[in-house]
Amino acid sequence: MYLKYRKLKNLIFHFSLYLCAALVLIPLVLIIFFVFKMGATSINLDFFTSLPKPVGEDGGGMKHAILGTLYMVSIASVISIPLGLLCGVYLSEFGKGKVATLLRLTIDMLTGVPSIVIGIFAYITIVVPLKSFSAMAGGVALSIIILPIVCRSTEEILKLVPGHIREAGLALGLPRWRVIFNIVVKGNLSSLTTGVMLAISRAAGETAPLLFTAFGNMYLSYEIDEPMASLPVQIYNYAISPFDDWQRQAWAGSLVLIVLVLGINIFARTLISLKHIKFRYRG
Amino acid sequence: MINENESFIEESTKFNNLVDSNCTKSKVFNFSYQLQDKINYYLIKSFACLVILLLIGLVAMLIYSALPAMEEFGLGFAFGDDWNPVEDEFGALPFLFGTLITSFLALMLATPVSVGVALFINEVLSKKLAAVVSLFVEMIAAIPSIVFGLWGVFYLAPFVKETLTPVLKSSLGFLPFFQGASFGIGILTASLILALMIIPTITSICRIVFKTVPTLQKEAALALGSTRFEMIKIALLRPSFSGIMGAIVLGLGRALGETMAVAMVIGNSPSISASLFSPAATMASVIANEYTEADSDLHLSALCYVGFLLFIVTFTINGLARFIVWNQSKKVGG
């Protein structure tokens, strides 16, 4: 009798675990389904190739926002990827002492800083002195967001490199920096790329830090010191607008954004898992 | 001795040149290996220092820009419940309240589910399925928050208004939390979205924590005749309790700083009310909404002050989480 009671509890517990998984996965499926359903009806070639039209006119697209997002993510990458990689190398190769401890703490804290606060920082340091919202400010804000991600992933990946590989390099008579950059870093480029791509996918979806740094506009701009539209901010502006056509475009924008972000994300993850498979077959 | 050293350097330089000309076409270095390594070390270190300075600069700039509001309102800013930009009256209590209540509710909802999912992936599923399910869970973290917000406004808010509210009212309507009219947009919707957004964080850290529990311990529990549930309870959940707490606190840190999704569904009214159906505002959402529209310097500065408070809160929470997780890993490692 008692055993039956215990088994029943076990059964209920397992059932609740399945329920938990369902509770998590159902909203995910709903979100993706909804974005695809609403986005697919309003997306067309025009969306990618034309600029917004004045309110009241149908049509128009988000070419400027898509290009703007790519532009600002590139600025962020140019700043953050070298810096993040170097910091990651520092932590994994020379990860002892006061500076390393402080850097680790800094990276932890930077990961936790709310993105809106980073937006304020970029506003104060770049927008205020230049007296204009600018793509530069947006790029810098995004770069601060992805810096800790790049650094952390670099450190984690390089830490996995076994010590004897470094020793082999040193034994060949290479200076240490050569060992680090030509052997340790170069040999793990594909894993490092994964970390970088995950960071980029994060940057592409950020809205909060761009709201008052790049601000957004309604025309095509390539100027680094002028306001620039971005996909997330454009979606936000359209979503809170009262016009049906704009809301429709917000859904189309979300579809593009989610495909972009999840696409990069999944691609990066499969890249790393493919590599593991290759290693396994090699034995 | 000196001669020896010099000749060694000469030798090594020669060898270095050889390596250089063999390996790459780069220009020949005339530095000794030690010097090269030293230069490289200090170069990398200087970049590391740059990042540390960045964080210090970030804090300094935040304080600097919040100074006017700090001088005007002092520490009482955090406890003033009046936010009126028109008359330059600013108090952050409504936003503190909104941030804390939404984050707290989100944690209440997300914690059991996250722990459940972590157990489900680690203990129930086969390895291949576990990889798939965990990928799906991590996809939630990858979805941009603006998409959550959009979905929240057009799908979740009507759902809360038409389906969830009547159910809650009829079953728990006697509580002050579930009274008043619901417009769909408000604390409850924001908390639901937040809960969904922090589930991946808590789940992935819980999974790491569960993995540190030795298999032997689990097998011992099973060998004593316990069911799967009892094994998980005794051998898995109990020893990793503090790790789970760390995961929860980290999730809290994420929830506190979340901006866009919350800003879109919380209704943005700086008011404090007991009802979960009523609109509110969080620290992050008020910054997102008012920063570009702030016309007086004091308003801008007050928003920076709010940002500074938000920074302090997340800083403390994240520090606490690190502390807990570190302690846990030390315990398991030792």
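**Overall architecture**

Mentor: There are 12 helices and zero strands in chain A, where helices (H or I, at least four residues) and strands (E, at least two) are DSSP runs numbered from the N terminus. This is a predicted model in which local features need pLDDT of at least 70 and side-chain atom pairs count only at pLDDT 80 or more, while totals for chains, interfaces and linings use all residues. Residues are numbered from 1 along each chain as its sequence is written, chains are lettered from A and ligands numbered from 1 in the order in which they are written, and side-chain values use heavy atoms, with hydrogens and water left out.

Trainee: What percentage of the residues of chain A count as buried?

Mentor: Buried means under 20% relative accessible area, exposed means over 50%, and partly exposed lies in between (1.4 Å probe, protein chains only). The C-alpha atoms of chain A fill a box of roughly 70 × 70 × 35 Å along the principal axes. Of its 283 residues, the buried share is 55%.

Trainee: Among contacts in chain A with a separation of 6 or more, what share comes from residues 24 or more positions apart?

Mentor: Contact means heavy atoms within 4.5 Å. Among the contacts with a separation of 6 or more in chain A, residues 24 or more positions apart account for 74%.

**Annotated regions**

Trainee: Which residues of chain A does UniProt list for "domain: ABC transmembrane type-1"?

Mentor: UniProt positions are given in the numbering used here, feature names are shortened, and annotations may be inferred rather than shown by experiment. In the model, the span 66–268 of chain A is 78% helix and 0% strand, with end C-alpha atoms 21 Å apart. The unreviewed UniProt entry lists, for this domain, residues 66–268.

Trainee: How far apart are the end C-alpha atoms of residues 251–272 of chain A?

Mentor: The unreviewed UniProt entry annotates several stretches of chain A as "transmembrane region", including 70–91 and 251–272. Residues 70–91 are 100% helix and 0% strand, and their end C-alpha atoms are 30 Å apart. Residues 251–272 are also 100% helix and 0% strand, and the distance between their end C-alpha atoms is 31 Å.

Trainee: How are α1(A) and α4(B) oriented to each other?

Mentor: Axes are lines fitted to C-alpha atoms, for helices over the stretch in contact, and angles run from 0 to 180 degrees between N-to-C directions. The axes of α1 (residues 2–42) of chain A and α4 (residues 127–142) of chain B come within 10 Å and cross at roughly 60°. Angles under 35 degrees count as roughly parallel, over 145 as roughly antiparallel, 65 to 115 as roughly perpendicular and the rest as oblique. The two helices are therefore oblique.

Trainee: Which residues of α1(A) make the contact with α4(B)?

Mentor: On the side of α4(B), the contact is made by B:V133, B:F136, B:V137, B:M139 and B:I140. On the side of α1(A), the residues are A:V24, A:L25 and A:L28.

Trainee: How are α6(B) and α9(B) oriented to each other?

Mentor: The axes of α6 (residues 187–211) and α9 (residues 241–257) of chain B come within 8 Å and cross at roughly 150°. These helices are therefore roughly antiparallel.

**Individual residues**

Trainee: Is A:A252 buried or exposed?

Mentor: A:A252 lies in helix α12 (residues 244–282) of chain A. Leaving aside neighbours within four places in sequence, A:A252 is in contact with A:G39, A:S42, A:I43 and A:F47. Because its relative accessibility is 0%, A:A252 counts as buried.

Trainee: What is the phi of B:D88?

Mentor: Most residues other than glycine have a negative phi. B:D88 lies in the loop between α2 (33–73) and α3 of chain B, and at 28% relative accessibility it counts as partly exposed. Although B:D88 is not a glycine, its phi is positive, at about 55°.
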